[in-house]
Amino acid sequence: MEPRFACTACGKCCHGLLPLTLTDAVAHAVRFPLALVWTVVRSNAKSYDLATRLGTSVRLPNRKTVAVLIQPTAYLPNHFPCPALQADNLCGIHADKPSRCRTMPFYPYREEKDQADLLVPRKGWECDVSAEAPVVYRNHAILDRKDFDRERADLLEQAPVMRTYADYVLKYMPWIVNDLAKMAAAPAGGKLVTSLSSFLTATRRTDARELAAAQAPLMQAMAERTRTDPALAEFHKNYAGWAKEMERLAQRG
């Protein structure tokens with residue numbers, strides 16, 4: 001049976017971390033609190049070769065090499081809705097929404113032939129996969145591939161920038177290699193989060209002050225919103241620290 005899929009606008013996928021292309025992260029810097037999320041891809045994973053092209057390769061202390069994806073990300077707790085999600089569960093920026101949202105449920109960090117299981121709705125999601133929904137995937141190929149190809153192209157284009165950032169972080173924050181090694185050894189993997197300010201410093205963007213000025217009030221608001229929930233202590237700590245970093249960066253001459 002050919003996989004069928006249609007979005008029902010249930011809004012269930014519009015919560016939590018949202019990986020963005022670098023272009024989308026910059027375009028939506030006034031809307032999303034941004035961070036860089038590192039994910040280890042082991043050498044035996046299906047997507048390893050692709051991950052080395054989209055990310056970087058890191059040699060661990062045990063002499064094993066892993067691929068590492070570094071994703072600009074809207075940094076939100078899992079149960080927090082996207083800031084653009086409206087009360088009627090429709091996207092408030094539909095005409096200008098990020099590539100990641102347009103490409104759903106497909107995921108260009110995987111090879112095209114490995115997308116079939118993404119068409120199975122997660123528990124609680126209300127995606128339409130009935131006989132009335134359109135066929136979207138056939139013979140391991142995406143039928144309407146415009147959004148997938150655009151997001152993949154953006155990821156390939158930004159890859160050199162991400163490698164520059166990785167080189168900077170591994171030089172000036174060498175302990176991160178040990179954190180990556182722990183993630184590689186853990187059965188469930190894991191994610192490492194670094195600040196947007198470190199990315200702006202490493203890549204020496206000419207618009208760093210403007211981006212920091214846009215991010216500072218968002219980080220302050222998120223720090224206040226997560227202040228009293230012990231379950232969100234890590235988020236609160238990051239938001240509060242990054243708000244100060246962004247304020248300093250925004251005021252830098």
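Predicted model: local features only at pLDDT ≥ 70, side-chain atom pairs only at ≥ 80, totals over all residues.
Local features need pLDDT of at least 70 and side-chain atom pairs count only at pLDDT 80 or more, while totals for chains, interfaces and linings use all residues. Residues are numbered from 1 along each chain as its sequence is written, and side-chain values use heavy atoms, with hydrogens and water left out.

Start with helix α4 (residues 146-172) and helix α6 (residues 196-203), whose axes come within 9 Å and cross at roughly 105°. Helices here are DSSP runs of H or I, at least four residues, numbered from the N terminus; axes are lines fitted to C-alpha atoms over the stretch in contact, with angles from 0 to 180 degrees between N-to-C directions. On the α4 side, V161, M162, T164, Y165 and Y168 make the contact, meeting S198, F199, T201, A202 and T203 of α6 (heavy atoms within 4.5 Å).

Now for the salt bridges, ten in count, each a side-chain nitrogen of Lys or Arg within 4 Å of a carboxyl oxygen of Asp or Glu. R145 pairs with D149, with the closest N and O atoms 2.9 Å apart, and E112, R145 and D149 are linked in a network of such bridges. R145 is partly exposed at 29% relative accessible area (buried is under 20%, exposed over 50%, partly exposed in between, with a 1.4 Å probe and protein chains only). In helix α4, R150 and D147 sit three residues apart, about one turn of the helix, and their side chains form a salt bridge at 3.5 Å, N to O.

Conventions
Helix = DSSP H or I, 4+ residues; strand = E, 2+ residues; numbered from the N terminus.
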